[in-house]
Amino acid sequence: LNFLIRFKYPIVKRTKAKKNKQQNQLNNINKITNTMLIRSLAIASTLSLASIASVQAADNNNNNDGLVRMKLKKRSAEEMVAVHLKRENDALRLALAIGSAPEEVLDMAKKSVMLRGSEDEFEEQVKVGKMKGFPHKYMTPPRDEEVEVDNDTGTGSTESVIIKDYANAQYYGEVMIGTPPQRFTVIFDTGSSNFWVPKINCRDCGFDKSTYDHSTSTSFQEDGSDFRIQYGSGAVHGYFSVDSLALADDMIIQNQKFAEVSNAGGLGQGYAMGHFDGILGLGFEGLSEGGANTVFKNAIDQNVVRDSVFAFDLGDDEDGELTFGGYDESKFTGEISWINLSEANYWRIDIDDITVGSISSGETNGIVDSGTSLITGPTTEIAKIAHSVGASRNIVGEYTIDCAKVPDLPDLDFNINDKVWKVPGKDLVIEASGTCLFALMGMDIPTGPKWILGDVFMRQYYTIFDYEKERVGFAEPNY
């Protein structure tokens with residue numbers, strides 16, 4: 001185009017004034033041309049994204065029921081157990097390295113099957129533990145849920161502490177941000193509400209992470225306000241930005257406020273070694289840092305979902321599916337049992353009783369949390385249950401059980417709204433390579449929910465989240 005413009009003018013001798021005038025005209029035309037070119041590229045990128053969306057929408061929604069379906073990749077049992085063993089191994093090294101651990105912990109470390117090899121190799125592992133400088137929290141059980149704890153700073157202000165560890169996260173899906181789209185793998189987490197991904201040049205973000213580069217996105221809008229979440233193990237911080245977001249390629253949300261994380265050190269090894277880039281919270285706005293609307297709230301407000309409902313089908317030893325805009329009736333049988341929320345921040349419900357064998361919790365409460373793999377409860381109650389079935393607690397607060405005992409494990413029953421929701425005993429373990437990880441873990445949350453019904457529970461039932469009516473629904477899966 002510039003070539004044609006330049007030769008539009010006759011090649012004749014010109015006066016200096018005329019020459020300057022024509023040069024100014026040419027510069028103005030070039031500016032207009034460049035502006036039009038940039039806008040055209042932006043429009044083309046948007047149309048390209050929309051066309052991809054429409055094609056994949058046809059592939060994903062052949063029944064034209066208005067639902068948006070997302071495939072969720074499941075982390076294997078082998079990897080879950082491997083992560084558990086690594087955590088235990090690291091903690092045992094630390095116990096020996098610091099020298100101030102209780103005698104029984106030191107003895108456990110010396111006898112541990114995790115620390116294999118000769119005495120020389122054993123001492124070398126202790127040196128590695130010292131060099132790595134593992135956190136001095138080896139006796140603290142892993143913490144898998146989010147709760148706000150008021151820490152008085154002495155200035156009259158409070159700080160929100162998020163107690164969450166994604167090391168056990170088991171299901172991931174893909175989203176795209178910006179124009180042209182940048183692809184990310186995220187955990188769809190009903191136990192939190194913010195959406196964040198690592199920014200380019202993020203510190204302590206681990207390996208092989210996709211990072212967001214806003215300089216390449218024509219739909220990026222600057223926000224710049226601080227984003228900081230204080231996790232139990234440390235802080236995750238960055239700043240807020242605004243851009244377009246595509247889920248399942250055919251659910252496009254405009255002007256989504258999210259965080260570009262510049263340092264994710266607070267999530268530790270669970271994030272650094274995990275197969276996910278960021279977190280997409282599906283809780284309510286009350287949990288959202290920075291007053292950001294949640295992704296699903298924006299989806300509702302922008303009319304990109306049919307209904308204010310989403311649902312999880314976590315399958316049976318298979319990858320899962322997340323449905324936006326309603327629920328898929330082909331995924332379950334019988335009626336849906338709806339349970340009203342006791343509080344709409346987490347997806348929190350009242351529980352009449354939780355029983356296993358002769359052990360009973362009495363009236364309690366819990367949250368339905370897709371971002372936690374295990375089932376967690378008060379440490380004293382989990383300890384009773386574990387002892388009753390012969391499970392042993394390790395140095396990091398998780399339990400293992402002899403795999404030979406699995407067939408005889410009793411069911412775990414949740415009595416909710418006068419109906420019993422059962423987790424069969426055989427499904428209370430994650431088994432791989434001869435190791436059986438007991439899928440219950442103790443955790444005390446001072447002001448938060450007593451129990452967390454994570455993926456171990458959600459795998460048993462088709463689980464529906466109704467945002468507008470503030471309720472969850474359970475139904476029997478058809479597998």
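Which strands does helix α8 lie across, and at about what angle to β25 does it run? Helix α8 (residues 379-389) lies across β18, β25 and β26, and its direction is at about 140 degrees to that of β25. Axes here are lines fitted to C-alpha atoms, for helices over the stretch in contact, with angles from 0 to 180 degrees between N-to-C directions. The model is predicted: local features need pLDDT of at least 70, side-chain atom pairs count only at pLDDT 80 or more, and totals for chains, interfaces and linings use all residues. Residues are numbered from 1 along each chain as its sequence is written, and side-chain values use heavy atoms, with hydrogens and water left out.

**Chain overview**

- The chain has 9 helices and 28 strands; helices (H or I, at least four residues) and strands (E, at least two) are DSSP runs, numbered from the N terminus.
- Of the 479 residues in the chain, 52% are buried, where buried means under 20% relative accessible area, exposed over 50%, and partly exposed in between (1.4 Å probe, protein chains only).
- Contacts that join residues at least 24 apart make up 69% of those between residues at least 6 apart in sequence, a contact being heavy atoms within 4.5 Å.
- Carbon and sulfur atoms hold 49% of the accessible surface of the chain, which is about 22,500 Å²; the areas come from the Shrake-Rupley method with a 1.4 Å probe, and for residues only the protein chains shown count as cover.

**The sheet with β18, β25 and β26**

- An open sheet of 6 strands has the order β13-β14-β17-β26-β18-β25, with mixed pairing; two strands pair if DSSP finds at least two bridges between them.
- β13 (343-344) and β25 (440-442) are at the edges with a single partner strand each, so one side of each has no neighbour in the sheet.
- Strands β18 (residues 375-377) and β26 (residues 451-453) run antiparallel and are joined by 2 bridges.
- Threonine 376 has isoleucine 452 in β26 opposite it.

**Strand β1 and its partners**

- Strand β1 (residues 68-74) is largely enclosed by the rest of the structure, because 5 of its 7 residues are buried.
- With strand β11 (residues 320-324), β1 forms an antiparallel pairing over 5 bridges; arginine 69 has threonine 323 in β11 as its bridge partner.
- With strand β3 (residues 171-177), β1 is joined by 2 bridges, also antiparallel; here lysine 73 is opposite tyrosine 172 in β3.

**Salt bridges**

- The count is 14 salt bridges, each a side-chain nitrogen of Lys or Arg within 4 Å of a carboxyl oxygen of Asp or Glu.
- Lysine 257 and aspartate 223 form one of them, with the closest N and O atoms 3.9 Å apart.
- Lysine 257 is in strand β8 (residues 251-263) and aspartate 223 in strand β6 (residues 221-231), so this pair ties together parts 34 residues apart in sequence.
- Aspartate 223 is partly exposed at a relative accessible area of 33%.
- Aspartate 307 and arginine 306 meet at 3.1 Å, N to O, in a salt bridge; aspartate 307 is partly exposed at 36% relative accessible area, and arginine 306 is partly exposed at 44%.
- Aspartate 413 and lysine 422 form a salt bridge at 3.1 Å, N to O; aspartate 413 is buried at 18% relative accessible area, whereas lysine 422 is partly exposed at 34%.
- Arg69, Lys71, Asp313, Glu321, Asp328 and Lys331 belong to one network, joined by salt bridges that share partners.

**Aromatic pairs**

- The count is 27 aromatic pairs; rings of Phe, Tyr and Trp (its six-membered ring) pair if their centres lie within 6.5 Å, and planes under 30 degrees apart count as stacked, over 60 as edge-to-face and the rest as tilted.
- Phenylalanine 310 and tryptophan 347 pair edge-to-face, at 5.8 Å centre to centre and 90 degrees between the planes.
- Phenylalanine 310 is in strand β10 (residues 309-313) and tryptophan 347 in strand β14 (residues 347-351), so the pair links distant parts of the chain, 37 residues apart.
- Phenylalanine 310 is buried at 0% relative accessible area, and tryptophan 347 is buried at 0%.
- Phenylalanine 332 and tyrosine 462 are stacked, at 5.3 Å centre to centre and 25 degrees between the planes; both residues are buried.
- Phenylalanine 332 belongs to strand β12 (residues 332-340) and tyrosine 462 to strand β27 (residues 462-466), so the pair ties together parts 130 residues apart in sequence.
- Ring pairs link a cluster of Phe188, Phe284, Phe296, Phe310, Phe312, Phe324, Trp347, Phe465 and Tyr467.
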